[in-house]
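Colleague: Could you take me closely through the aromatic pairing in this model and the parts around it? Please spell out your cut-offs as you go.

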Amino acid sequence: MDHPPLRDVPTTWPVAESADLHRDGWVVALREDRIRRPGHPDEEPFRRVVLEHPGAAVVLAVDERERVLCLWQYRHAAGHRFVEIPAGLMDGEDEDPLDVARRELGEEAGLAAGEWTHLVSTYASPGISAELAHIYLARDLSDVGRGDFEPQHEEAEMEAAWVPFDDLLAGVLEGRLCDAPLVIAILVAHARGLAGAARHDGVPAEVQKEGAAT
């Protein structure tokens with residue numbers, strides 16, 4: 001069966017009007033756009049609400065025993081305490097996602113990594129937001145401490161522990177773990193044979209040694 005090309009294509013439809021619904025000093029904002037279908041200038045514009053978001057970096061940190069550094073954190077909007085992995089917003093101008101991943105691994109786990117592999121970049125909810133999450137696998141881990149980082153609010157109640165990768169895979173497949181970045185990271189790493197029992201012998205070609213060009 002014929003179908004369009006199997007790739008996501010950047011494109012923009014005409015915007016007739018745009019107005020802020022909420023904007024303050026935080027990194028996200030809510031905007032209302034009135035848009036038109038391309039090639040139909042006489043049609044009435046229709047409303048779409050856009051959550052502006054700078055994007056994020058997510059880290060699947062795996063040690064030499066195939067264990068993953070996990071975080072247990074309360075998320076008020078969803079009303080759950082989730083099992084998660086380190087992640088953070090790209091809240092600086094023109095920040096490189098890998099630099100953000102390094103920073104978050106240090107702040108949230110007190111770790112540095114000598115090997116980085118880009119697993120995947122995904123849009124969390126493109127119907128309302130342009131948030132793009134860049135997910136990395138980190139290996140060759142070492143303790144570096146959290147420096148002067150002081151956790152506050154929900155992070156002050158966060159717990160951390162090492163969990164076998166294959167236990168996380170089972171939790172994802174059984175529906176016990178629902179945090180999207182964790183689910184995606186675990187499934188992609190498993191599918192590519194990069195972690196857990198499915199890990200292939202040798203070092204993947206795309207691994208980036210710390211200090212190498214990125």
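Modeller: W116 is buried, with a relative accessible area of 2%, where buried means under 20% relative accessible area, exposed over 50% and partly exposed in between, for a 1.4 Å probe and protein chains only. This is a predicted model, in which local features need pLDDT of at least 70 and side-chain atom pairs count only at pLDDT 80 or more, while totals for chains, interfaces and linings use all residues. Residues are numbered from 1 along each chain as its sequence is written, and side-chain values use heavy atoms, with hydrogens and water left out.

Y136 is likewise buried, at a relative accessible area of 8%. The structure holds 1 aromatic pair, a term for rings of Phe, Tyr and Trp (its six-membered ring) whose centres lie within 6.5 Å, with planes under 30 degrees apart counted as stacked, over 60 as edge-to-face and the rest as tilted. W116 and Y136 form this pair in an edge-to-face arrangement, with 6.2 Å from centre to centre and 85° between the planes. Because W116 lies in strand β8 (residues 111-123) and Y136 in strand β9, the pair ties together parts that are 20 residues apart in sequence; helices (H or I, at least four residues) and strands (E, at least two) are DSSP runs, numbered from the N terminus.

Strand β9 also holds D143, but this residue is exposed, with a relative accessible area of 68%. Leaving aside neighbours within four places in sequence, D143 is in contact with G110 and L111, contact meaning heavy atoms within 4.5 Å. The C-alpha atoms of D143 and G106 are separated by 8.7 Å, although these residues are 37 apart along the chain.
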